[in-house]
Amino acid sequence: MNYRKAIIATLASASLGGLAAACPAAAESAAPNAALIKQETSGASQSAMAANVLFLDYTAELQSRNANGTIMVSGRRLLEAIGYRVAWDAADGSLTAERPGKPALLLRAGRREAKLGDKTLQLPAAPYIGEGVLWVPLRSAAEAVGLTVAWDAANRYAYVKDPAALPKISLTTRADNRVTEQPANLIGYFRSQMGIDVNLTLVQPDFYRERTNIMVAAGDTGSVMLLQNNYAYSDELLRSFAMDLTEDLNAFPRLKALAAEAAGGRTIDGRIYGIARPRDPHDAPFPAVRQDWLDRLGLARPKTMEEVYAALRQFTLKDPDGNGKNDTYGMTGYTTAAGLGSFAWVEQAFTGSPERFAVQNGRVVDHALGAGETAALSWLARAYREGLIDKEFAAQTPEQAADRIRGGRSGLAALSLRDAAALTGDKAEWIPLSGLKADSLGAPIAPWNTEVTDTYIVTRMSRVAPKTILRWLDGGLAKNESGAWDGIEGFGQTDRAALRSLFGEPDLLNSDALKSVPEQTRGAYETAVKEWQKTSYADAVVPAFSGLWSTGKYAELNAELKETQIKVILGELSMADWEHYTKTLAASKPYQALLAELADLAGDGA
C-alpha cells in the first residue's frame with residue numbers, strides 16, 4: 001500500500017552517529033517478554049539519540065535509536081507502513097512480516113540472524129525491545145523488503161525510499177506574473193518525463209515575503225522554498241531550516257555557479273545553503289512614457305533629464321489625452337520606507353548609481369551625500385513646485401499610484417517591463433526609456449535590480465534527498481536556458497507562466513512580458529532592453545548590504561534622511577538646509593558606525 005507521503009521524525013543532532021529523536025515510540029501489539037528486555041539492555045549500548053530518519057513515499061513516523069553505531073527503528077512501523085502484515089509473538093520476542101507475493105521476514109529480539117523466506121540474513125546488530133517496541137537495524141530491514149537507505153553525512157539524515165515510487169516534493173515560489181492557477185500539464189510532464197511529483201504553491205508577489213515568513217515561523221516550509229532576500233535571515237536562523245547543499249552541488253556545475261552568485265546564493269562559513277533563481281538584473285522599475293501622448297503633442301522621446309522635464313511640462317499643461325480637462329500631470333509615484341521609491345531613478349540619473357551605497361575603487365561611497373543627490377533633489381523640487389509631479393506622491397501607496405496610472409492620469413512612471421507591457425493596448429502605449437542621461441555629456445543609465453536575487457533552498461522538512469531535488473531543478477533550468485521548454489507541445493498559458501515562476505527569466509529579451517507586447521510596439525521594447533544590457537552595476541552594488549538594512553539597526557538614521565529629502569522636494573526645506581543636514585549627518589557617530597559596517601561587508605566580498 002503506497003501512500004506516497006512521508007511524515008518526518010524531526011530530530012536534533014547529537015553526534016555523527018546520532019541525533020535526538022522527537023517522535024514518540026510505538027508500542028507493539030502485545031506486551032514484551034521481560035527477560036528479553038533485560039537481556040538486551042544489559043548486553044548492548046542503546047541511545048535514544050540516533051539519526052534523522054526520513055521515510056519517503058509512505059506515511060510513517062520513524063523514531064530512531066543508536067545501537068553501537070547502527071541506526072535502529074521500530075520494526076512494526078517500518079514494515080506496516082509499506083503494506084506488510086505484522087504478527088508479534090511475545091513468548092519468544094519475534095516479529096513476522098508477510099505480504100502477498102513477497103517472502104516473509106522474521107526478526108527476533110536478541111538474535112543477529114533474521115530469516116527472509118528460506119534465507120538467513122546476518123544483521124549488524126541484534127534487534128532489542130525497549131519501551132514496548134522491537135527495535136531493528138534500519139538498513140538491513142529496509143533493504144530486505146526492497147527499500148533503499150541513503151545516508152547524508154552533511155545534514156545527518158537517513159533517507160528510506162521505495163525505488164518504485166516517484167519522489168514527491170512540495171515547492172513554494174513567487175508568481176511575479178500573478179498567475180497562480182495550478183499548471184496541470186506541466187505537473188504531468190514532471191511526473192512522466194522527469195520522474196518527480198511536484199506539489200506546487202504559487203503565491204502572489206504582493207504578500208509573498210509575509211507568507212514565507214509565516215511558513216518558516218510555523219515550521220511548515222515544505223520541501224523547497226523560494227526566499228525573497230535571503231539576507232533577511234540570520235546565519236543561525238537559516239541553518240535551522242535550510243539544508244547544507246555543499247557536497248551535493250558538486251554534481252551540478254550549473255547550480256553551483258548560481259549558488260556562487262553574491263546576489264542570490266547563500267554561503268555560511270564556506271557551506272552552501274541557497275541557490276539563486278536566475279533573473280535578468282535589468283528587470284527592475286524604470287521610467288516609461290506614454291508614447292501616444294508624445295505623438296499627440298509632437299514630442300520626441302526624451303533622452304536627457306531636461307528633455308524629460310520638458311515632456312512632463314507638456315503632459316501637465318497641454319491636455320495630452322484630449323478630453324478638454326486639466327486632469328493630467330507629468331508623473332506619479334510613491335515613496336517607500338527605504339527612500340524615494342519610484343522616484344529613485346531620478347537620483348540614479350544624477351548620481352550614476354542605482355543604489356545609495358556603492359563600492360568605488362574599493363571604497364564605500366554614499367551617493368546621498370554627493371553633488372549628484374543635490375542635483376536630483378533640486379530637479380524634483382522644481383518639478384513639484386511647477387505642478388509636474390502628482391501632489392499626493394509622498395503619502396500614497398503603490399496601489400494608489402497604480403490606479404492613477406491605469407486611469408490615464410500620468411504621462412511618465414517608473415514601471416517594470418512587465419507592468420509597462422500590461423498597460424499597453426488600445427487606450428495607451430507605454431514605452432520604456434533607454435539611453436537616458438543626466439545631460440548630453442553624461443553616461444546613460446539603465447534599470448538594475450538592487451534587491452537580493454531570489455534564492456531557492458532545500459528545507460530540513462524535505463522528504464526527498466537533496467540530490468534528487470537538485471537533479472530536477474538543474475534539468476528545468478537547462479531547458480530554460482536552451483529554450484527547450486518552448487518546444488514542448490501541450491502546454492497552455494498557465495503552464496508557461498508557472499515555468500517562469502519556477503525557473504526564472506534570465507533574459508528580458510526572451511521574457512513573457514516582451515512577448516505579450518503588441519507587435520507594432522515590440523521593437524521599441526527590444527531596443528530598450530538591448531540598450532540597457534550594455535550597462536552593468538554588478539561591481540558597484542553589494543547585495544549583502546540589504547542584510548544590514550533588514551536588521552533595522554540604522555532604520556532611524558535612514559528614516560531621517562528620507563524625511564529630509566521629502567521636505568526638500570515639497571519646498572519645506574531649502575537646498576541650503578539640505579547642505580547643512582548632510583554635513584551634520586556625515587560628522588555624526590551613528591553615520592560613521594554605519595559606514596564602518598558597510599565597509600566590513602564590502603571587504604568580505606559579500
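Buried means under 20% relative accessible area, exposed means over 50%, and partly exposed lies in between (1.4 Å probe, protein chains only). By that scale Arg76 is buried, at 10% relative accessibility.

This is a predicted model: local features need pLDDT of at least 70, side-chain atom pairs count only at pLDDT 80 or more, and totals for chains, interfaces and linings use all residues. Residues are numbered from 1 along each chain as its sequence is written, and side-chain values use heavy atoms, with hydrogens and water left out.

The briefing covers ring pairs, charges over rings, and salt bridges.

**Aromatic pairs**

- The whole structure holds 19 aromatic pairs. Rings of Phe, Tyr and Trp (its six-membered ring) pair if their centres lie within 6.5 Å; planes under 30 degrees apart count as stacked, over 60 as edge-to-face and the rest as tilted.
- Phe190 and Trp472 form an edge-to-face pair, because their planes stand at 90 degrees, with ring centres 5.4 Å apart.
- This pair links distant parts of the chain, 282 residues apart: Phe190 is in helix H4 (residues 184–194) and Trp472 is in helix H14 (residues 466–482). Helices (H or I, at least four residues) and strands (E, at least two) are DSSP runs, numbered from the N terminus.
- Phe190 is buried, at 0% relative accessibility. Trp472 is buried too, with a relative accessible area of 4%.
- Phe286 and Trp532 also pair edge-to-face, since their planes meet at 70 degrees; their ring centres are 5.7 Å apart.
- Phe286 belongs to strand E22 (residues 286–290) and Trp532 to helix H17 (residues 519–532), so this pair ties together parts 246 residues apart in sequence. Both Phe286 and Trp532 are buried.
- One cluster is joined by ring pairs: Tyr189, Phe190, Trp472, Trp485, Phe491 and Phe503.

**Charges over rings**

- Arg382 places its charged end over the ring of Tyr309, 3.9 Å from the ring centre. A charge sits over a ring if NZ of Lys or CZ of Arg is within 6 Å of the ring centre and within 35 degrees of the ring normal.
- Lys479 lies over the face of Trp485, 5.7 Å from the ring centre. Trp485 is also one of the rings in the cluster.

**Salt bridges**

- Side chains of opposite charge can pair when their charged atoms come close. A salt bridge here is a side-chain nitrogen of Lys or Arg within 4 Å of a carboxyl oxygen of Asp or Glu. The count by this rule is 30 salt bridges.
- Glu80 and Arg76 form a salt bridge, with the closest N and O atoms 2.8 Å apart. Both residues lie in helix H2 (residues 75–81), 4 residues apart, about one turn of the helix.
- Glu80 is partly exposed, with a relative accessible area of 38%, whereas Arg76 is buried.
- Asp244 and Arg271 meet in a salt bridge (2.8 Å, N to O). Asp244 is in the loop between helix H6 (235–241) and helix H7 (253–259), and Arg271 is in strand E21 (residues 271–276), so the pair ties together parts 27 residues apart in sequence.
- Asp244 counts as buried at 7% relative accessibility. Arg271 is partly exposed, with a relative accessible area of 27%.
- Glu531 and Lys534 meet through their side chains in a salt bridge (3.4 Å, N to O). Glu531 is partly exposed, at 27% relative accessible area, while Lys534 is exposed, at 66%.
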